[in-house]
Amino acid sequence: MDFELSAEQRLVKETARAFTDNEIVDRARENDRNEHFDLELVAKLAEQGYLGAIVPRKYGGAELDYLTYGLIVEEIGRGDSAMRTVISVQTSLVCSAILRWGSEKQKQRYLPKLCSGEWLGCFGLTEPDTGSDAANQRTRARKTDAGWTINGSKMFISLGNHAKLALIFAQSDPDEGHRGLACFLVETDQPGFQPQEIHHKLGLRGSDTAAISLDDVEVPDDGLLGEVGDGFKVAMSALDSGRYSVAAGCVGICQGCVDASVRYSKERQQFGRPIASFQLVQAMIADMAVETEAARMLVWRAGFLKDAGKPNTTETSIAKLYATEAAVRCANTAIQVHGGSGYVDDHPVERYLRDVRVTTLYEGTSQIQQLIIGRALTGINALVPA
Ligand code: COS
């Protein structure tokens, strides 16, 4: 077992750290205040090669391993979860699905555009009536002579207003249950594809979120990703990558909470001395540090398994469950260390708390992760009536 990063991994991490500090940190607060989806910053992420880190070079990616990708995501997540979400969606949910399930033609058509940031992609799984029960899609795909016609609606879709490519999951044969699901590569300039912005979110205000309606959207036969019936597996395998990425971003939030709390507690004076000198403040900082390290190790293990090509769904769920819940706790504790100052946005910690809250909901709630882990341990699927 080796806990040391390689020289290349350390360099990638340090570069991502410097990029985050120089380019992201200062803009995060204003983008959050103005609910501004910062496309200029997205272009800079692309320039850095952060939108296709795990994609092979021949398709325009950086061809990094998962562990190294996770290091980048951690650093960006420390700066701004809205920008981290762009990386997670584009790389893990969209690119990884095309890489694993796409034809050569589809890979060549879409991956270079996605890696370069010329196109954004989005992942259309969640619907107004379909969240955790992902197999139960109401969106329908009907076979036509020319290809497929899709009707339905999608909800809470990150990047959905700006995406030029949407992965749309739809039911092609309701009698087949999850085996009737198909995933389509929908170019969003198609007539009938209509996104609408969602505002007034608790956090991730600098991230783009859409409700999408699909009204007789035509997709050619070669817009099918994988085969008819593969849709559920496409979604689950993409989520194996997406959940890893969310977990890595949460390690960044945890680390950001530790850093901000150490800094503030050494500056802030009460009772004639820095509050860092009080044991109860140190206890809060120590607890955050332990959670950060534990979350990081779980993320590294999941990344290691992915790079080794070993099954990792359970380990990824463990990392996602722990890292997201730990980040919620750390953000809450960091505000406690900051006192009243932590309740306004002069410091990053109140945004950390608002931004992190969604991570225990999206890409599978904490309860869904618990059921995946519970099923792996007991062999019993709690979602199927006994
Ligand atoms: N990768 C590839 N295939 C997978 C897979 C994975 N990680 N997990 C499951 N599958 C396959 C199974 O092998 C099975 O294949 P067969 O049809 O050939 O038997 C099929 O998918 C169905 O698997 P399973 O029975 O485990 O599916 P369930 O309906 O029990 O899945 C959960 C239930 C809860 C795991 C699933 O619905 C889920 O993850 N829900 C949360 C969805 C979510 O995260 N939504 C957020 C959207 S993005 S913000």
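1. The area buried between domain 1 and domain 2 is about 1900 Å². Carbon and sulfur atoms give 64% of that area. Buried area is the accessible area (1.4 Å probe) that two parts lose on being put together, summed over both. E35, F37 and Q106 supply 28% of what domain 1 buries against domain 2, more than any other three residues.

2. This is a predicted model: local features need pLDDT of at least 70, side-chain atom pairs count only at pLDDT 80 or more, and totals for chains, interfaces and linings use all residues. Residues are numbered from 1 along each chain as its sequence is written, and side-chain values use heavy atoms, with hydrogens and water left out.

3. Where do the domains run? The domain assignment of the protein chain gives domain 1 (7-118), domain 2 (122-229) and domain 3 (233-378). Such bounds come from an automatic or database domain assignment. The centres of domain 1 and domain 2, taken over C-alpha atoms, are 23 Å apart.

4. Next, the contacts. On the domain 1 side, 26 residues are in contact with 22 residues of domain 2. Contact means heavy atoms within 4.5 Å. Seven residue pairs between these domains are in polar contact, both residues at pLDDT 80 or more. A polar contact is a pair of N or O atoms within 3.5 Å; within protein, one must be able to donate a hydrogen and the other to accept it, and residues adjacent in sequence count only if both atoms are side-chain atoms.

5. Which elements of domain 1 give two or more residues to the side that touches domain 2? They are α1 (7-33), α4 (81-101) and α5 (104-116). Helix α4 gives the most, with 12 residues. Helices (H or I, at least four residues) and strands (E, at least two) are DSSP runs, numbered from the N terminus. By class, this side of domain 1 has 13 nonpolar, seven polar and six charged residues. Ala, Val, Leu, Ile, Met, Phe, Trp, Tyr, Cys and Pro count as nonpolar; Asp, Glu, Lys and Arg as charged; the others, Gly among them, as polar.

6. Now the salt bridges. The structure holds 23. A salt bridge is a side-chain nitrogen of Lys or Arg within 4 Å of a carboxyl oxygen of Asp or Glu. Two salt bridges fall between domain 1 and domain 2. E187 and R109 form a salt bridge, with the closest N and O atoms 2.9 Å apart.

7. D21 and R78 pair at 3.1 Å, N to O. D21 sits in helix α1 and R78 in helix α3 (residues 66-79), so the pair ties together parts that are 57 residues apart in sequence. Buried means under 20% relative accessible area, exposed over 50%, partly exposed in between (1.4 Å probe, protein chains only).

8. E30 and R33 both lie in helix α1, three residues apart, about one turn of the helix. Their closest N and O atoms are 3.5 Å apart. E30 is partly exposed at 35%, and R33 is partly exposed at 45%.

9. R329 and E291 meet at 2.6 Å, N to O. R329 is in helix α8 (residues 313-338) and E291 in helix α7, so the pair ties together parts that are 38 residues apart in sequence. R329 is partly exposed at 37%; E291 is buried at 14%.

10. Salt bridges that share partners join K13, R17, D21, E74, E75, R78, E293 and R296 into one network. R296 lies in helix α7 (residues 279-307) and is buried at 9%.
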